[in-house]
Each structure stands twice: as C-alpha cells, then as structure tokens.
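This briefing concerns a single structure, shown below.

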Amino acid sequence: MAKKIGLCCRNNPRMLSLFASANAEVVQNRRDVADRILAKLDNHLDYAENFILDLYYNYGTEMAYFALKNAGFTIQEHDTADAIWKKAQEKQKQIEKKRQQEKMKADLVKEQGTFDLAINGGAFSFHALSNKPEITLDMADMARCVDGFRNDKRIAWDENIDYTFNCIISKDKTLELIPEDSIAFTSTQKVLWEYIKSNAIVQNHATIQFNQLDTTLIVSAKANLRITQKSTRYRTIIEFNASKDKKTKKWNIANPDELKRKLNNIDRDNAESMYYDIEGSLYYNPYLESFEKGKYLIKAVIVENSLEYYVENKLQEETSMNFSFEFSCNKKNFMDRVYQAPN
C-alpha cells in the first residue's frame, strides 16, 4: 500500500499536493522533502495514513475509491484504507461526544449558578432573558405633560431633554429605579421619573429558560430607558408686532391675520399649531416676562420639537411636541420707530 501511494504521488501532481497538505508539518511545502519521504514511505506508515484520511475527507468515499484504484490498490488494500477512515471517524465521534458531555456539564454548572441567582432575587440584563418584557408609555400624553411642565416652570424653558433611567423590573412587573442612580437626579429628571413611574405599563414577565434544568423562571430584569428631545430649527425667521399690557402684563399680537399668513408661507401644514404655540410662548416664556409695557417688534426662530422614547437603545416611539421659539424683541416708540431693547 505505502509503495503504491508513494509511486502515485510522485507521478500525479494533484496527489502530491494532497500528500504535502496531509503531512504539512513534515513536508513544509518542499518537493525534495516530499520525494525523500515518498521513496521510503514503507518506513513512514503514519504519513501514508494521513494521506488516506485527507483523501477520504476531501473527496468522499466514492471518489477516494477510484483514486486508490487508479493507484493500483487491490480490493483487500481498499478495505484496509476503508478501515483506517472508519477508525478515524469513530475516534472523531468519541472526541465530539466527550466534548458535548463536557459542554453539557459546564452548561449545567453555569445554569445552576444562574438559577440560584434568580431564586435569590438577582436582576438580569435584557440580553440574558428568554422572554423580554415590554415597557410602554403614551408618548403623546407625555409630550403634552412635558410642555405643561415647562409652562409651570417645573422644567426649564430652554432645557433640551436627554435623560437615561436605569431601572429594575420586579417579578410582579413593578418598575423601580436603581437606588444609587437617583441620588444625583436633577429637578427635570425627578419630574420625568415621576411621570414614567406613574404611567409606564410593563407587559409580560421577564423570564429565563433553563434548558439543562428543564424549567423556566420569572425573574427581575434590568432595563435602560431613555427620554430625549429632538429639535430642528426653521431657516426663516418670523417677525411680528406685539404689545404688552401694563396692568395684565399679557402680550397681544398686533395683527394676528398677518402673522398667520407669514406662518402659512413657512409651513402650511403646521401654521395653525405654530400660531397657537406662539400665543402660549408669549404668555409663559421667561425671556418675555422681563419686558415692560409697550409695543415691540418681535423676531422669532421657529423650532420644531419631538420627544423620543428608547428601551435598551431601541427606539419605541416618537411623538411631536409644541413648537418653541427663540425670541428677540425691539421696542417701538410713539412714532413706531424701533430701537434695540436692553438685554
């Protein structure tokens, strides 16, 4: 057998290449080394076996049969080559079986540790869960509330919201903050968290499936919630006349129809909302509170706002907020001439 393999490989470049690949550490891609080994392959039967195994592995049993037949193998020699392949296959199966047993044993130990942690009240990250709970918020309602919080000064008028809340979802689907995270909360974070805690709905229990232990447990879960505001400024700056009443301290738009027409030219779909939001801003905006009575030319940069809600960095919902405005005022005298109002 060995002599036939040696002769075949020296006369067939493809078989020589396969022999060199099967015994790469010895041949080291050198033709002279391969030729020396092949000339005395009777003394290196393990190299011959390596060749047979690579032949079967690369070409399959049927093609390997014809390759060995072309090399001059008898039926008995072919049976021997078959036995070498089957023995190697069986050995590989035993190695794989042992590997699987060791893996199952390691998985069982790992599962048991996770199981004990779950039983003792441990909280698990979202990626470790078999079933992830859904945490829903009515974002349209939240956006209205945030706009209201700004009006009553619970949230700063010019603050751009972007806050993350690290939460624990208990086994009974209650949403709680990780205690240490709330220590350094800003006033805005406290207001937002009050809303989330009162209005968030947790659907589905968080569970982990234990395959080795053949059971499933309801567990506590960690959840990362983020509320962020996205703002886009319009390029066109709007101008309009308004006056502030001395007694009521309220602002009145001098020519509402003209302002509505200008807004309609900027954004027809949102013109009406913009107008009502300007009226609200004239009443609530802290910048305008400091101005005394009189007539003013007001310039405003229009800002479109939306509120986004994320769970574990995945966007859940986005909704529109009130338009906001970056105002600047120039006061008019009795001749309707304009001069720059003091800051």
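Helices (H or I, at least four residues) and strands (E, at least two) are DSSP runs, numbered from the N terminus. The model is predicted: local features need pLDDT of at least 70 and side-chain atom pairs count only at pLDDT 80 or more, while totals for chains, interfaces and linings use all residues. Residues are numbered from 1 along each chain as its sequence is written, and side-chain values use heavy atoms, with hydrogens and water left out.

- Asp277 belongs to helix H10, which covers residues 271-284.
- Buried means under 20% relative accessible area, exposed over 50%, and partly exposed in between (1.4 Å probe, protein chains only).
- The buried residues of H10 are Ala271, Met274, Tyr275, Asp277, Ile278, Ser281 and Leu282.
- A salt bridge requires a side-chain nitrogen of Lys or Arg within 4 Å of a carboxyl oxygen of Asp or Glu; Lys and Arg count as positive and Asp and Glu as negative, whereas His and the chain ends are not counted.
- Although buried, Asp277 has no salt bridge, and the nearest side chain of opposite charge, Arg150, is 11 Å away.
- Asp147, in helix H7, is likewise buried without a salt bridge, with Arg150 as its nearest side chain of opposite charge at 4.4 Å.
- Contact means heavy atoms within 4.5 Å; leaving aside residues up to four places away in sequence, Asp277 touches Asn322, Phe323 and Phe325, and Asp147 touches Met321 and Asn322.

**Nonpolar cores**

- A nonpolar core is a set of buried Ala, Val, Leu, Ile, Met, Phe, Trp, Tyr and Cys residues joined through side-chain atoms within 4.5 Å.
- The largest has 40 residues, and those with the most contacts inside it are Met142, Phe165, Leu175, Ile196 and Leu225.
- Elements that each supply at least two residues of this core include helix H7 (139-151), helix H8 (187-199), strand S8 (220-244) and strand S10 (294-311).
- Another core, of 29 residues, lies apart from it, and Ile5, Cys8, Met15 and Phe51 are among its members.

**Cysteines**

- The structure holds 0 disulfides, defined as pairs of cysteine sulfur atoms within 2.5 Å.
- Cys167 is in no disulfide, since the nearest cysteine sulfur, that of Cys145, is 18 Å away.
- Cys167 is buried at a relative accessible area of 1%, and Cys329 is buried at 1%.

**Positive phi angles**

- Asn204 is not a glycine, yet has a positive phi of about 75°; this residue is in the loop between strand S5 (201-203) and S6.
- Glu312, also other than glycine, has a positive phi near 50° and sits in the loop between S10 and strand S11 (314-320).

**Salt bridges**

- The count comes to 15 salt bridges.
- Arg154 pairs with Glu194, the closest N and O atoms being 3.3 Å apart; Arg154 lies in the loop between H7 and S3 and Glu194 in helix H8, so the bridge ties together parts 40 residues apart in sequence.
- Arg226 forms a salt bridge with Asp162 at 2.9 Å between the closest N and O atoms, linking strands S8 and S3 across 64 residues.
- Glu308 forms a salt bridge with Lys230 at 3.5 Å between the closest N and O atoms, linking S10 and S8 across 78 residues.
- Glu308 is buried at 8% relative accessible area, whereas Lys230 is partly exposed at 39%.
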